[in-house]
Amino acid sequence: MKLIRHPQNPLLLPDPNSDWESVNVFNPAVIFDKGLFHMWYRAQGLDWISRIGYAVSEDGICWNRLRKPVLSPCDSTDSRGLEDPRVVKLDDVFYMTYTAYGRDYFGAEPTHAGGGILPMIARSTNGISWERLGPIVRGEDNKDHALFPQKIGGRYAALHRRWPTIWLAYSDDLLTWHEQDMASIFGPRPDNSWDHKSVGGNGAPIATDQGWLMFYHGYDRQHIYHIGVALLDLNDPTKVLRRPKPSLFWPEELWELRGDVPNVVFSCANIVVGDTVYVYYGGGDHVIGLATCSLAELVDFVLHAD
Ligand code: BMA
């Protein structure tokens, strides 16, 4: 099974007339709410700093963009930018997880992999004005955090990535995340497969009768990004029920093989609308594409593929 690219891809391109989104637009969060698709995307302009832009669409294909970013750096913890948003709606409030990249988080230029990175949460009631709540963890290389779209056992739950492994964390209030409430889910595969070097979660997991469908990304020694899927237990998502060996998607188009970073298809959004799963992704860290599949086929694949 494979995700199918939309024929109008890429759907969103950098805007040469903008100062803040003229270079790259990529890795968007998308949700479908009250009949509209809402997108929050990472954008880079003349200063190469990532900001979060917003766009809205009736069909998920043609997008109207807001002319100004909705989130921009505000202090030294995110002075290098805000990256890779993922959004869920919980109790009528939008929650965004994103990576804040700061210049002097450790008091100086970052000197190692974890330097300057903060996995942040923000909330908004209208999708435009955002209030920063704080980080899930501090002082480590931690990205790819995504909230689950509903509470599990009465608690908020989030995926996060302690390189090169995917972790789960629980919180009572989204503000405090204790180490004793975190556990690893799965890491890279020990063979020579597409997810051999590192893995990380994509968009918010999808609840099904069979378990949580969790899209994730991985790369191999050649640093080629693929998208795959796993099935996690509904009540205890640290239990991996299924993890098919084949991936679902990988770079093939020129704008995925080339770009600002080559060989990248990176997704922060996998939403279900009707019977279809919409996977939005950044191609080559440069433009935004869409690939889809049938939800029923995906469930069948995750249950029966090798
Ligand atoms: C990851 C993130 C993504 C990016 C990917 C490929 O670490 O920084 O934003 O798309 O690398 O470059």
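These are my notebook entries on one protein and a run of its strands.

**Entry 1: the whole chain.** I worked from a predicted model. I counted the secondary structure and found two helices and 21 strands. I then checked the overall size. The C-alpha trace spans about 50 × 45 × 40 Å along its principal axes. A compact globule of 306 residues would have a radius of gyration near 19 Å, and the protein has 18 Å, so the value agrees with that form.

Entry 2: I looked up burial next: 58% of the 306 residues count as buried. For contacts with a separation of 6 or more, I found that 51% join residues 24 or more positions apart.

**Entry 3: strand 3.** I turned to strand 3, residues 36–44. Eight of its nine residues are buried. I wanted to know which strands it pairs with.

On one side, strand 2 (residues 24–33) pairs with strand 3 in the antiparallel sense over eight bridges. F32 stands opposite F37 of strand 3. The hairpin of these two strands has two residues between them, and K34 takes a positive phi near 50° there.

Strand 4 (residues 50–57) also pairs with strand 3, antiparallel and over eight bridges. Here Q44 has S50 as its bridge partner.

Note on methods:
Residues numbered from 1 in each chain as written. Predicted model: local features only at pLDDT ≥ 70, side-chain atom pairs only at ≥ 80, totals over all residues. Heavy atoms only, no water. Buried < 20%, exposed > 50% of the residue type's maximum accessible area, 1.4 Å probe, protein only. Helix = DSSP H or I, 4+ residues; strand = E, 2+ residues; numbered from the N terminus. Pairing = 2+ DSSP bridges. Rg over C-alpha atoms; globule rule 2.2 N^0.38 Å. Contact = heavy atoms within 4.5 Å.
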